[in-house]
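Work through each task before reading its solution.

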Amino acid sequence: MIELYTSEGCNSCPPAEEYLNGLRQHSELWHRYIPVAFHVDYWDYIGWRDPYAHPSHGIRQSWYARQRNLRTVYTPAFVVNGQTWRRGWFGNELPSSYNMPGNLKVKVTGEQLKADFVSSTPVSGTLTLNIAVLGMDLLSQIKAGENQGRTARHNFVVVGYKSLNSVDAQWMTNLPNLYYTGAKHYALAVWVSREGDPTPLQAVGGDLPGFHRK
């Protein structure tokens with residue numbers, strides 16, 4: 001699972017977002033790679049309010065920092081499988097991981113989502129199911145701030161998120177409410193983590209054809 005913490009108000013973020021956008025055509029998308037972009041709001045004060053940002057995204061990034069998976073909070077920041085990943089000059093390959101901690105199955109019927117997770121090894125304690133609706137094919141004309149005049153293109157943007165716990169690794173719930181509803185297309189990322197730990201154990205994802213919510 002690839003998490004990008006980013007902002008339209010950050011002038012060093014566009015190359016990282018272009019990299020994430022490039023995964024849209026990758027043959028292993030939704031199989032080997034589950035990308036999500038969390039737009040943070042802590043750069044909004046410098047002149048441009050990111051329309052996709054949400055306070056909870058910065059809180060999640062700070063959560064990683066407190067768990068010492070991130071040395072500090074900054075953008076752009078990649079987190080791969082719960083660990084900091086620096087692309088250097090944006091030419092490094094993603095780390096390979098073939099560890100299969102279990103099997104996460106997700107079924108979406110209309111607005112309802114059903115999930116169950118079967119771990120390959122015994123897991124004690126409560127598990128958390130994380131559900132993110134992703135906005136695809138997003139386009140912004142940035143009119144202020146560090147990226148003023150830039151046309152920004154985004155994919156895999158978290159525009160709705162919820163989490164819920166389970167002691168039996170089974171969940172039934174509705175899809176999360178959206179805080180941005182202007183996407184042309186949507187996708188879905190779902191992952192399991194231990195309660196109190198943001199690190200993903202297993203993640204799945206895919207397109208949401210026909211999904212649209214006003």
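**Exercise 1.** Identify the salt bridge formed by Arg-24 and characterise its surroundings.

*Solution.* Step 1: the side chain of Arg-24 meets that of Asp-137 in a salt bridge, with 2.8 Å from N to O; the term denotes a side-chain nitrogen of Lys or Arg within 4 Å of a carboxyl oxygen of Asp or Glu. Step 2: the pair links distant parts of the chain, 113 residues apart, with Arg-24 in the loop between helix H1 (14–22) and strand S2 (35–39) and Asp-137 in the loop between strands S7 (127–136) and S8 (138–141). Helices (H or I, at least four residues) and strands (E, at least two) are DSSP runs, numbered from the N terminus. Step 3: Arg-24 is partly exposed, at 24% relative accessible area, and Asp-137 is partly exposed at 30%. Buried means under 20%, exposed over 50%, and partly exposed in between (1.4 Å probe, protein chains only).

The model is predicted: local features need pLDDT of at least 70, side-chain atom pairs count only at pLDDT 80 or more, and totals for chains, interfaces and linings use all residues. Residues are numbered from 1 along each chain as its sequence is written, and side-chain values use heavy atoms, leaving out hydrogens and water.

**Exercise 2.** Determine how many salt bridges the structure holds, and describe the one formed by Arg-60.

*Solution.* Step 1: the structure holds 2 salt bridges. Step 2: Arg-60 pairs with Glu-3, the closest N and O atoms being 3.0 Å apart. Step 3: Arg-60 lies in helix H2 (residues 55–66) and Glu-3 in strand S1 (residues 2–6), so the pair ties together parts 57 residues apart in sequence. Step 4: both Arg-60 and Glu-3 are buried.
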